Amino acid sequence: MAVDESQRTYDHPLYQQIERIPGVSVALGNIDQLLTWGSANSLWIFPMATSCCGIEFMAASASGVDLDRMGSIPRGTPRQCDVMVVAGTITVKMAPRVKKLWDQMPEPKWCVAMGSCAISGDFYRDIYSVIPGIDTFIPVDVYVPGCPPNPEALMHGLLRLQEKIRMSREGKLTQEELRPESPPNLIRPAIGRLQDVERDPLTNQEQTDSAGGLGLGDTLNLSQIRQLRPEPELAEDGDGESTR
Amino acid sequence: MTGHEAQEQFVALLRERFGVAEIPDGNYPLIDARHHFELARVLKEEFDYRIYSFVVASHHLATADANNDGADVEAAHYEVATGVRCVGAPAHLASWRVRIELDRAIPTLFPLFAGADWQEREQYDLVGVRFDGHPDLRRLMMPEDWEGHPLRKDYAIDTACSPWR
């Protein structure tokens, strides 16, 4: 069956970037435009979700709003992601970890501050352990306000980010709009000890032994256990402690 | 045994064996700090209170005699409220308070209840009350290099936390 080329429409965005030569299967295009189209429409999102905004992020990625339509996909590792969505309150203890994950992401990368807490700290701003906005240590490209923002707002933020990526690749943004830098002295460098290396191993052992619900230095025999919760299935000859 | 009877049993125990004269209405009974561990031990071993429910410490500033009318002036102190719960019906919660000076420590309940470990660490971290005999009294929630105890009354809201404020 012959195809009538004159009746064929090209409504995919990709076809707006290229120019077909009629009659032959050759298309001409600008590589830069293709790269722009590709980089704006294949955003892999690293969800840095610490609190309730994370739930809205999940709703946005689920089938109702479906962020996947925009070419994005949530990904659990920072090393393969392009966008970090910080969804939730960031505390003083969490901030170095967020910074570390941000540093692990390869360039080019963008950051979306989702919700009031990530933007400014919101009403937790003056609490001793909360940092007043993530832009004190990460350059934020798009702010999505709300407490929490609904999924459509996050989708709108993502569309604005795509717009920003396109504009920056086309050279329409100034340097500060391109990547808002934050003062370097606001970056808190050191991460403290991550493991309980100084803890007494004997204490660990005691707690592990007592984790069966018996308490420290405590012995319950089988009849007492049966008294507490009468279960006929409890083996008569079995070791009461190990089977629990 | 109903919950009411269990409470009466607990009050009788406090009166007879720990010399608590006053049982306040609507608040936890205040017992001497020396009896803290012993009360928990008796409750656990004799009355089967096996669940360590909570420990909440609070910091109280010294009260000033502002009007010079001879009102009672209290020194700054900690109040530590502890609650243990018995297993099975009626699941009664036995709770009491202990008042200690700022420079003193309260005996830990860790030898009786393993669950006291992190709860006491949390109270030490946030309020600053020290638990004597705790095997591992380090900060739990705040960063290891944090200075001060943020839930104390004398911790100013604008305390500097470099580099954030």
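The points below take this predicted model by chain, sheet, core, helix and loop.

1. Chain A, overall. Chain A contains ten helices and seven strands. Of its 244 residues, 26% are buried. Where contacts in chain A have a separation of 6 or more, 74% of them join residues 24 or more positions apart.

2. The helix pair in chain A. Helix α2 (residues 31-40) of chain A packs against α6(A) at an angle of about 155°, and the two axes are 9 Å apart. Angles over 145 degrees count as roughly antiparallel, and α2(A) and α6(A) are therefore assigned to that class. Their crossing is right-handed. On the α2(A) side the residues that meet the partner are Thr36(A), Ser39(A) and Ala40(A); on the α6(A) side they are Gln162(A), Ile165(A), Arg166(A) and Arg169(A). An α-helix has 3.6 residues a turn, so residues three or four places apart point the same way.

3. Arg169(A). This residue of helix α6 of chain A takes part in the contact with α2(A). Is Arg169(A) buried or partly exposed? Arg169(A) has 17 other C-beta atoms within 10 Å and is therefore partly exposed, since a buried residue needs 20 or more. From Arg169(A) to Cys111(A), the C-alpha to C-alpha distance is 17 Å, for a separation of 58 residues in sequence.

4. The nonpolar cores. The largest nonpolar core has 42 residues. Which of them touch the most other members? They are Val83(A), Val85(A), Val86(A), Val112(A), Ala113(A) and Met114(A). Leaving aside residues up to four places away in sequence, Ala113(A) touches Val86(A), Ala118(A), Ile119(A), Ile134(A), Asp135(A), Val140(A), Tyr143(A) and Val144(A). Another core, of 28 residues, lies apart from the largest one and includes Cys86(B), Leu109(B), Tyr124(B) and Val129(B). In soluble globular proteins, nonpolar side chains tend to be buried together.

5. Cis peptide bonds in chain A. Two places deserve a look. The bond from Glu107(A) to Pro108(A) is cis, with omega near -5°; Pro108(A) sits in the loop between α4 (95-104) and β6 (110-114) of chain A. The bond joining Cys147(A) and Pro148(A) is also cis, and its omega is about -15°. Pro148(A) belongs to the loop between β7 (142-144) and α6 (151-169) of chain A.

6. Asp122(A) is a residue other than glycine with a positive phi, near 50°, and is placed in the loop between α5 (116-120) and β7 of chain A. Asp122(A) has 15 C-beta neighbours inside 10 Å and so counts as partly exposed. In chain B, Asp48(B) is not a glycine either, yet its phi is positive at about 65°. Asp48(B) lies in the loop between α2 (36-47) and β2 of chain B. Because Asp48(B) has 12 C-beta neighbours inside 10 Å, Asp48(B) counts as exposed; the cut-off for that class is 12 or fewer.

7. The sheet in chain B. In what order do the four strands of this open sheet run? The order is β1-β4-β3-β2 (chain B), and the pairing is mixed. At the edges are β1 (30-31) and β2 (51-60) of chain B, each of which pairs on one side only. Strand β3 (residues 77-85) of chain B pairs with strand β4 (residues 93-101) of chain B in the antiparallel sense, over nine bridges.

8. Helices of chain B. Gln9(B) lies in helix α1 (residues 3-18) of chain B. With 14 other C-beta atoms within 10 Å, Gln9(B) is therefore partly exposed. Gln9(B) and Phe47(B) are 38 residues apart along the chain, and 9.6 Å separates their C-alpha atoms. In helix α3 (residues 116-126) of chain B, the buried residues include Ala116(B), Asp117(B), Gln119(B), Glu120(B), Gln123(B), Tyr124(B) and Leu126(B). Among these, Tyr124(B) is also a member of the core of 28 residues. Just after α3(B) comes Gly128(B), with a positive phi of about 100°.

Key. Residues numbered from 1 in each chain as written. Chains lettered and ligands numbered in written order. Predicted model: local features only at pLDDT ≥ 70, side-chain atom pairs only at ≥ 80, totals over all residues. Pairing = 2+ DSSP bridges. Helix = DSSP H or I, 4+ residues; strand = E, 2+ residues; numbered from the N terminus. Core = buried A, V, L, I, M, F, W, Y, C linked by C-beta atoms within 7 Å. Contact = placed C-beta atoms within 7 Å. Axes fitted to C-alpha atoms, helices over the stretch in contact; angles between N-to-C directions. Parallel < 35°, antiparallel > 145°, perpendicular 65-115°, else oblique. Left-handed = near helix turned anticlockwise from the far one by under 90°.
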